[in-house]
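Please read the points below next to the sequence and the model.

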Amino acid sequence: MDIATLRKEHADHWKKATAIRALAMDAVQAANSGHPGMPMGMADVATVLFEKHLKFDAKAPRWADRDRFILSAGHGSMLIYALLYLTGYEDVTLEQIRNFRQWGAITAGHPEYGHVSGVETTTGPLGQGISNSVGFAIAEEHLRARFGRKVVDHYTYVIAGDGCLMEGISQEAIALAGRQRLGKLIVLWDDNNISIDGEISLSDITDQKARFKASGWHVQEIDGHDPDAIDAAIEAAKKSKKPSLIGCKTHIGFGSPNKQDTAGAHGAPLGGEEIAATKKAYGWDHGPFEIPKDVKQAWEDIGARGAASHAAWKSRFEELSEGRRKEFDRVMSLTPHRRLSATIKAFKRKVSEEAPKVATRKASQMVLEVVNPVMPETMGGSADLSGSNLTNTPDLGTFDAGNRKGRYIHYGIREHAMAAAMNGMALHGGVRAYGGTFMAFVDYARGAMRLSSLMGVPTVYVMTHDSIGLGEDGPTHQPVEHLAICRATPNSWTFRPADVVETAEAWELALSSEKTPSVLALSRQGLPTLRTEHKNKNLTAQGAYVLADAEGSRKAILIATGSEVEIAMKARDILQAKGIGTRVVSMPCMELFAAQDEGYRRKVLPGGPVRVGIEAALRDGGWDRWLLGERSKEATADFVGMTGFGASAPAPELYEHFGITAEATAARVEALL
């Protein structure tokens, strides 16, 4: 539908949609950077969605039963900022629009969760938003089954672009959504045939509609500038029991005389003259950032329309018992159950007495077997490695179309989509998501893991087979650099527990976290229980602690993580037998130890003794701070670990070959002395 027809036949709609376009052009021009073309092209779709379908209350942006709107094509951020300003979100003021992409403004270049109240997830890395949306839809289905349709009954809407659909993660995500029949997930595809380099045909010939159909989706194709067609398509999508794709054929930079349908409208300001010509074509006789009062009021009326639905929801919510209301509020805020701490303490006492020798992946399952019944908000899963990651427990039940109360998700071999979906569940609220794969496949999940940290959501990554200790599968599966990758990520906790007790403590911290994701690096091989004296205190929360102190004059400190703490203890026996007083420090979480005050760190790692770090991974994983700093120096420090990739052989032979043994550790200490 062309501009003349829109102005004639849909005058009110046209004014509202043009307000979005004008703000997008003006803000990108003022910032001298940004992406005006997508907001200009999708303004009609967004206007129909917000005016006629989206359930939201601009004055209560965190209302639990609001529809979720995700701008997966995050480069077009001015679309969502314009919508939030126009509909009356209090934090998105005209001043924020004027300061788009500037220091101190919440209107960042790409939408960031936690900065803007109406932004449900951080997008910009293409494919992440549409993949997050699968987690949002899973959480909605599960919570509706748990608390009832009167309390939970909403849709998840996504605007995605060609780039989102070209990213490999999109196939993982849409296949998972199709398998799960997530009928309340609706994706509006901005089919404008343009990317930064030019026409999509330069790089892609995929029939996207056929791809979605093959993945179990309901698919429609419409003119993305026809308000009636947009409305009818969304109505049809809402009736489908399958997830829906609506292909919206649009013009990028709609109305720009010289840049419409070109890459020139994609990622740069249009320029003053082109904006003036475009506004003339629109019939928009207003200055920069100027929105007529009647248009702004019409948008604010849309933003206020949801107040009645919100009030009705509150009435229904009050009909629940007090206990049910409190439980709903607790899980939506991700507050851990009050019994979690006592459950972990009781478990620690039991295993300290029994002292089992188990792999920490098995220890993790043992913890989950007592925690999952206490915390009904947990939803676990695995990327087709349930029997290896040991992430399932008998009480969970499989989540699928026939059992929405199930709490275990079979993600298939889709590590990246699993991670992104778990982020979506956490962002939705009501679900504590954890999922497992091999530690080496951090690489496959990395994009979403980074966003967990950036957004501050407490997703839990259960990464098993954490070293050469996995043995015969060889270097393709033996992680050596992955602990370094995880520890280098800001706002992330990387736990590498030494035994079943530390594993329990790590889980308590991960499930109590409010704004920090956790990586649990767990062993394939069995490890002895080293903490045989029960302590109520969570020592892992300190990041590192003295596991065994020196007998006699302290001459050496061995610092180890995970499976190598056992080696450190054996090396200590060798050294003590030679009269070399040796302290062993277990360091299950470097990030938490770094966060302790100077006094505590000095107590654990005093100056004077030589230090040797022991970890079956590369030294680059944060070790130099503890070996060369913190009152130590290069001449009195060494590292026992990996210097390259592993090999295929039984684990004991690998440890011997690479010199990660008690004898080698003791020899390093003696050489330093």
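1. The protein has 26 helices and 18 strands, taken as DSSP runs (helices H or I, at least four residues; strands E, at least two) and numbered from the N terminus. Its radius of gyration is 28 Å, close to the 26 Å that the globule rule gives for 673 residues, so the protein is as compact as a globular protein of that length. The radius is taken over C-alpha atoms, and the rule is 2.2 Å times the number of residues to the power 0.38.

2. This is a predicted model: local features need pLDDT of at least 70 and side-chain atom pairs pLDDT 80 or more, while totals for chains, interfaces and linings use all residues. Residues are numbered from 1 along each chain as its sequence is written, and side-chain values use heavy atoms, without hydrogens and water.

3. The C-alpha trace spans about 95 × 55 × 45 Å along the principal axes of the protein. Of the contacts (heavy atoms within 4.5 Å) with a separation of 6 or more, 79% are between residues 24 or more positions apart.

4. Of the 673 residues, 63% count as buried (under 20% relative accessible area, 1.4 Å probe, protein chains only). The accessible surface (Shrake-Rupley method, 1.4 Å probe) comes to about 24100 Å², with 50% belonging to carbon and sulfur atoms.

5. There are 78 positive (Lys and Arg) and 82 negative (Asp and Glu) side chains. The centres of the two sets lie 5 Å apart, with charges placed at NZ of Lys, CZ of Arg, CG of Asp or CD of Glu; His and the chain ends are not counted.

6. The structure holds 0 disulfides (cysteine sulfur pairs within 2.5 Å). For Cys-164, the nearest cysteine sulfur is that of Cys-248, 13 Å away. Cys-164 is buried, at 0% relative accessible area, and Cys-248 is buried, also at 0%.

How values were computed. Buried means under 20% relative accessible area, exposed over 50%, partly exposed in between (1.4 Å probe, protein chains only).
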